[in-house]
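Subject: Structure handover

Hello,

Here is the structure I said I would pass on. My notes on it follow below.

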Amino acid sequence: MAPRNITGVSGLLLLGFSEEADMHPLIFGLFLSMYLITVFGNLLLILAVSSDSCLHTPMYFFLSNLSFVDICFISTTIPKMLQNICSKRQVITYAGCITQMYFFILFVGLDALLLTVMAYDRFVAICHPLHYMVIMNPQICRILVMASWITSVLDSLLQTLMTLRLSFCRNVKLPHYFCELRQLIQLACSDKCLNNMVMNFAAGLLGGIPLAGILYSYYKIVASIRGISSAEGKYKAFSTCASHLSGVSLFFSTSLGIYLSSSATHSSYLIEINSVMYTVVTPMLNPFIYSLRNKHIKRSLKAFFHMAAIRSPVDLG
């Protein structure tokens, strides 16, 4: 049978967790809980930053943007997965798959670029403290965030348009609970050489360059911290980077895991586990990573809840 364009097929089958039908209630409850924790955790982080004028600094500006992106990131995959579990149908439409893939690529790229911008912010704060507010002025911060958005949008648009040119055979089955670009390209019946080249080039560009920038920033940061004479000064300087370093390690280790598992193995179980770590666990843990050891965030949240508690009786009265 000749290859048939995917637009002629009613939908794609998402096989993620389809084999554990008896576990679906547990899976639904678990993923719903993680989704709600992620959304509310990141929303609280955004509220803490926006409600406290003391946190209106470049570092917290980038952090609030990262929290917003994490909410959008997890919202591209989990709601559809929960809907499929409830309806007991593992189907996604062609338009839905393309849309999901577009936003997934967009927010993955934004995560990587924002983490790079945050590393640059820490580099300037530690290596050039006297010029920090001049270099990282509000206009520069907005430009850096806008440049990250534009770069990610263009990359996602290119990858999506490249996917639209592919033709697929009937019964397209993805071993995921969402439409993942690499798996979708592998299932194409038409020539996919150009798609693989563009995908790998984009992955190297938006993965390799940010990672190299982060590593260089921390190389300079470590060299600067070593030059500090007092142990207290060294601890204070390193503590400002510890949360970001943890977030970077979590993001890039899980992204590397899903990249290697989807390209080097056919084990659907391994792919699912890496996908969960990448798309769910990382956004869920970020609010805890950036707030648990941050006294300014905790102070802001306490003040926010205190004000909310004071206003509630007044509103009721």
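Which residue in β3 is the bridge partner of Leu-13? It is Lys-173. Before the rest, a word on the source. This is a predicted model, in which local features need pLDDT of at least 70 and side-chain atom pairs count only at pLDDT 80 or more, while totals for chains, interfaces and linings use all residues. Residues are numbered from 1 along each chain as its sequence is written, and side-chain values use heavy atoms, with hydrogens and water left out.

Overall make-up

The protein chain has 11 helices and 3 strands; helices (H or I, at least four residues) and strands (E, at least two) are DSSP runs, numbered from the N terminus. In order from the N terminus, the elements run β-α-α-α-β-α-α-α-β-α-α-α-α-α. Of the 317 residues, 47% count as buried. Buried means under 20% relative accessible area, exposed over 50%, and partly exposed in between (1.4 Å probe, protein chains only). Among contacts with a separation of 6 or more, 79% are between residues 24 or more positions apart; a contact means heavy atoms within 4.5 Å.

The sheet

The strands form an open sheet of 3 with the order β2-β1-β3 and mixed pairing. Two strands pair if DSSP finds at least two bridges between them. β2 (91-92) and β3 (173-174) stand at the edges with a single partner strand each, so one side of each has no neighbour in the sheet. Strand β1 (residues 12-14) runs parallel to β3 and is joined to β3 by 2 bridges.

The cores

The largest nonpolar core has 64 residues. Such a core is a set of buried Ala, Val, Leu, Ile, Met, Phe, Trp, Tyr and Cys residues joined through side-chain atoms within 4.5 Å. Helix α4 (residues 94-127) gives the most to this core, with 15 residues. Phe-31, Leu-115, Tyr-177 and Tyr-290 are among the residues with the most contacts inside the core. Leaving aside neighbours within four places in sequence, Tyr-177 has contacts that include Leu-14, Phe-17, Ile-78, Met-81 and Val-280. A second, separate core of 18 residues includes Met-101, Phe-168, Cys-179 and Ala-188.

Salt bridges

How many salt bridges are there? The count comes to 2, where a salt bridge is a side-chain nitrogen of Lys or Arg within 4 Å of a carboxyl oxygen of Asp or Glu. One joins Arg-299 to Asp-52, with the closest N and O atoms 3.9 Å apart. This pair links distant parts of the chain, since Arg-299 lies in helix α11 and Asp-52 in the loop between α1 (24-51) and α2 (58-75), 247 residues apart. Arg-299 is partly exposed at 40% relative accessibility, whereas Asp-52 is buried at 14%. The side chains of Arg-122 and Asp-121 also meet in a salt bridge, at 2.9 Å from N to O, and both residues are buried.

The surface

Ile-37, Leu-285, Phe-288 and Leu-292 form a nonpolar patch on the surface, with about 340 Å² of accessible area together. Areas come from the Shrake-Rupley method with a 1.4 Å probe; for residues, only the protein chains shown count as cover. Leu-292 sits in the loop between α10 (268-291) and α11 (295-316) and is exposed, with a relative accessible area of 54%.

Regards

How values were computed. Patch = residues over 30% accessible without salt bridge, like charges linked within 9 Å, V, L, I, M, F, W, Y side chains within 5 Å.
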